[in-house]
Amino acid sequence: MYNSILLTELSRVTDYSDSDFAKTLPLFEPLQVKKGEHLFRTGDIADKVYFVEKGCLRQYYINNSGDERNIYFQLENGWCSELVSLLYNKPTDLNLQALEASKLLVINQKNWIYAVTHIPSFTMYFIKAQQPHNYKLKRRLAEATVETPEEKYTRFVKEEAHLLQRIPLFQIAAYLGMTPETLSRIRKRTAKKK
């Protein structure tokens with residue numbers, strides 16, 4: 001019987017047997033990254049998938065004005081990758097950076113493709129786990145087109161308050177698509193209403 005954060009996550013989503021896990025675990029390598037370290041940058045081939053055992057990563061892009069815009073933050077028990085780059089060997093437009101010193105498990109392109117084609121429970125895990133993530137990103141995109149900055153912040157606090165304890169406010173502002181100054185004003189107004 002394995003005692004692993006990875007097994008706990010895989011088993012959370014689908015029935016993941018010990019025998020399948022015995023095939024899966026050797027495909028991963030541990031990696032420790034320092035705060036601020038990039039795992040890939042715009043123009044790189046993002047040929048690995050990362051599982052966060054401990055720490056926090058952010059995926060972001062840089063817009064035409066040179067501003068960083070965070071797409072998502074990933075804490076413990078979550079995955080980070082850029083599958084278009086991984087699957088098609090295309091340079092990515094995205095960046096992946098550690099916001100905290102982080103302990104990761106890494107699976108390279110060859111091993112990831114092997115796992116999804118030869119370990120059915122791994123395949124099922126990714127199919128099931130990806131759907132809520134995709135839904136969340138689509139919903140966030142749809143809401144961002146109609147919400148005011150204050151509504152964006154209010155929704156963020158309601159749905160992702162745990163990030164306020166770990167993510168610097170300027171990074172949250174970049175996630176919500178506003179300047180740090182705008183976020184500061186909204187936080188002050190919100191605090192006065194309470």
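At 5% relative accessibility, Q171 counts as buried, the term standing for under 20% relative accessible area, with exposed meaning over 50% and partly exposed the range in between (1.4 Å probe, protein chains only). The model is a predicted one, in which local features need pLDDT of at least 70 and side-chain atom pairs count only at pLDDT 80 or more, while totals for chains, interfaces and linings use all residues. Residues are numbered from 1 along each chain as its sequence is written, and side-chain values use heavy atoms, with hydrogens and water left out.

Q171 belongs to helix 7; helices (H or I, at least four residues) and strands (E, at least two) are DSSP runs, numbered from the N terminus. Setting aside residues up to four places away in sequence, Q171 touches R58, N70, F73 and L99, where contact means heavy atoms within 4.5 Å. The buried residues are Q171, I172, A173, A174, Y175 and L176. They pack against strand 4 (57–62), strand 5 (68–74), helix 5, helix 6 and helix 8 (180–193). Just after helix 7, G177 takes a positive phi of about 75°.

The axes of helix 6 (residues 149–160) and helix 7 (residues 169–176) come within 11 Å and cross at roughly 115°. Here axes are lines fitted to C-alpha atoms, for helices over the stretch in contact, and angles run from 0 to 180 degrees between N-to-C directions. Helix 6 and helix 7 are therefore roughly perpendicular to each other; that label covers 65 to 115 degrees, whereas angles under 35 degrees count as roughly parallel, over 145 as roughly antiparallel and the rest as oblique. On the helix 6 side, the contact is made by K152, Y153, F156 and E160, and on the helix 7 side by I172, Y175 and L176. By class, this contact has five nonpolar, no polar and two charged residues. In this scheme Ala, Val, Leu, Ile, Met, Phe, Trp, Tyr, Cys and Pro count as nonpolar, Asp, Glu, Lys and Arg as charged, and the others, Gly among them, as polar.

Helix 8 is the other partner. Helix 7 and helix 8 pack at an angle of about 100°, with their axes 8 Å apart, and that makes helix 7 roughly perpendicular to helix 8. Helix 7 brings L169, F170, I172, A173 and L176 to the contact, and helix 8 brings P180, L183 and R187. These residues divide into seven nonpolar, no polar and one charged. P180, which lies in helix 8, counts as partly exposed because its relative accessibility is 41%. Leaving aside neighbours within four places in sequence, P180 is in contact with F170 and A173. The C-alpha atoms of P180 and E82, 98 residues apart along the chain, are separated by 27 Å.

Attention now turns to the nonpolar cores. A nonpolar core is a set of buried Ala, Val, Leu, Ile, Met, Phe, Trp, Tyr and Cys residues joined through side-chain atoms within 4.5 Å. The largest one has 20 residues, and L6, F28, W79 and F122 touch the most other members. At least two residues of this core come from each of helix 1 (5–13), strand 3 (48–54), strand 8 (102–108), helix 4 (109–118) and helix 5 (120–144). Helix 1 supplies the largest share, four residues. Beyond its neighbours within four places in sequence, L6 is in contact with F21, L25, F28, F51, W79 and L105. Another core lies apart from this one, with 15 residues, among them C56, L75, Y153 and L163.

G36 sits in the loop between strand 1 (28–33) and strand 2 (38–40) and, at 34% relative accessibility, counts as partly exposed. The C-alpha atoms of G36 and Q97, 61 residues apart along the chain, are separated by 6.1 Å. With neighbours within four places in sequence left aside, G36 is in contact with Q97 and A98. N77, in the loop between strand 5 and strand 6 (79–80), has a phi near 70°, a positive value in a residue other than glycine. N89, in the loop between helix 3 (83–88) and strand 7 (95–98), likewise has a positive phi, of about 50°, although it is not a glycine. N77 is partly exposed at 36% relative accessibility, and N89 is partly exposed with a relative accessible area of 46%.
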